[in-house]
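Please look through the sequence and the model below before reading on. The paragraphs after them are meant for someone meeting this structure for the first time.

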Amino acid sequence: MKISILTPSFNHEKYIGFFLQSVLGQTFQNFELIIVDDCSWDKNLEEIKKFKDERIKLIRHDYNKGINATLNTAFENSSGEILVFCASDDMLERDALEKIYQAFEETHIDVVYPGVKVIDENNMISQSKKIEMQYKEPLEILNYMFFEGNCLMSVGMSIKRQAFRDIYPLPLGLCNHQDTFMHINLLLNGAKILFLRDEVILYRMASDQTSISARKDVTLTRENLEIESLMDSFLRVKDIELLKKVFKNEIQNTGIMPYEDTIEFFLGRMAMHSSQRVRKYWGYHKILEFYNKSNNSNILKTRYNFNFKDLLGLAELCDSDMMIKKYRKYKKLFKGSLVFCGILIMVIVGIILWR
């Protein structure tokens with residue numbers, strides 16, 4: 001099977017030469033490299049053109065379109081049966097493609113998550129930042145991603161062509177959670193996954209990092225804004241048995257079961273048990289939207305004995321995160337302290353006057 005390496009590239013003039021050297025030096029040589037430059041303004045293109053190899057296919061967007069747009073473009077121009085996703089500032093160990101290829105050959109799987117090591121801006125491996133994959137079952141991963149967030153690495157993520165075609169095209173607006181979208185939808189489609197323990201991908205985390213993955217306030221805001229799109233992926237699930245397996249523990253604790261005619265309400269109700277307010281809000285909105293539709297209030301009354309009063313009561317669950325609890329606790333203590341101090345002052349004044 002031929003491997004297609006799909007590489008989004010943007011302002012990586014400093015690192016792309018190392019990436020290309022690591023690709024061209026692979027022990028497995030039956031590959032093509034599709035690099036999509038997303039309208040870089042540095043010398044990224046010039047650095048790429050220094051490498052003369054017929055397996056390198058360079059495409060340039062005429063304006064900046066985003067990560068998923070570059071991946072869609074790369075996929076559309078690829079021909080390999082195995083797709084390897086790798087950014088142009090990362091690197092591959094010499095036997096990376098060989099190990100990935102063998103994993104697909106020896107097992108009936110759709111997605112391979114290779115082991116990852118972190119390198120700095122000088123290509124030095126940082127053992128203290130070594131990334132280990134979350135060795136969990138797909139159902140556990142889906143549960144975690146629904147309630148908490150991403151727990152997988154997309155660096156070097158490798159996918160069978162048909163499995164990716166099932167989730168193509170990738171939504172263009174997603175940025176920080178574009179890989180999370182792929183993980184969730186692949187798993188919801190029943191993709192079989194394998195965690196490769198061999199650490200064959202070198203993921204760059206430079207100290208001067210200015211990419212979208214840098215942890216800034218705006219990055220966190222953007223991540224929260226994109227969560228709604230991720231959660232909506234679960235609404236497309238029609239397999240009731242899959243939902244029962246993913247939310248097995250929550251169903252046991254709440255007694256709330258999924259039905260074909262109440263999936264939107266069920267998922268909304270499950271989301272109310274997340275520790276994150278943004279997911280709780282999504283859940284409340286889905287329940288509200290479901291309740292607003294004609295005759296659904298009757299369905300909820302029949303299925304769950306759920307009425308308008310119960311709907312109003314869900315607002316308390318949205319308001320029960322730890323920060324608000326702490327705020328209310330300290331506010332109560334502060335008020336108590338004021339009352340105590342007031343009483344103490346009155347007692348002292350009384351004693352002075354009595355004397």
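Predicted model: local features only at pLDDT ≥ 70, side-chain atom pairs only at ≥ 80, totals over all residues.

Residues are numbered from 1 along each chain as its sequence is written, and side-chain values use heavy atoms, with hydrogens and water left out.

A pair of aromatic rings is described by the distance of the centres and the angle of the planes. Here rings of Phe, Tyr and Trp (its six-membered ring) pair if their centres lie within 6.5 Å, and planes under 30 degrees apart count as stacked, over 60 as edge-to-face and the rest as tilted. By this rule there are 19 aromatic pairs. One of them joins phenylalanine 146 to phenylalanine 234 in an edge-to-face arrangement, with 5.0 Å from centre to centre and 80° between the planes. This pair links distant parts of the chain, since phenylalanine 146 belongs to helix α5 (residues 138-147) and phenylalanine 234 to the loop between α8 (217-232) and α9 (240-246), 88 residues apart. Helices (H or I, at least four residues) and strands (E, at least two) are DSSP runs, numbered from the N terminus. Phenylalanine 146 has a relative accessible area of 0% and is therefore buried, where buried means under 20% relative accessible area, exposed over 50% and partly exposed in between (1.4 Å probe, protein chains only). Phenylalanine 234, at 1% relative accessibility, also counts as buried.

Phenylalanine 146 forms an edge-to-face pair with phenylalanine 247 as well, at 4.9 Å centre to centre and with 80° between the planes. Distant parts of the chain are again linked, with phenylalanine 146 in helix α5 and phenylalanine 247 in the loop between α9 and α10 (248-254), 101 residues apart. Phenylalanine 247 is buried because its relative accessible area is 0%.

Elsewhere, ring pairs link Tyr259, Phe265, Phe290, Tyr291, Tyr304, Phe306 and Phe308 into a cluster.

How many disulfides does a search of the whole structure find? The search finds zero, a disulfide being a pair of cysteine sulfur atoms within 2.5 Å. Cysteine 86 counts as buried at 3% relative accessibility, and cysteine 175 counts as buried at 19%.

Asparagine 176 is placed in the loop between α6 (161-165) and α7 (178-188), and its relative accessible area of 14% makes it buried.

Helix α12 (residues 277-292) holds tyrosine 284, which is buried with a relative accessible area of 18%. In sequence tyrosine 284 and glycine 268 are 16 residues apart, yet in space they are 6.0 Å apart, C-alpha to C-alpha. Leaving aside neighbours within four places in sequence, tyrosine 284 is in contact (heavy atoms within 4.5 Å) with Met272, Leu311, Leu314, Ala315 and Cys318. The buried residues of α12, among them Trp282, Tyr284, Ile287 and Phe290, pack against α5, α8, α11 (263-271), α13 (296-304) and α14 (308-318).
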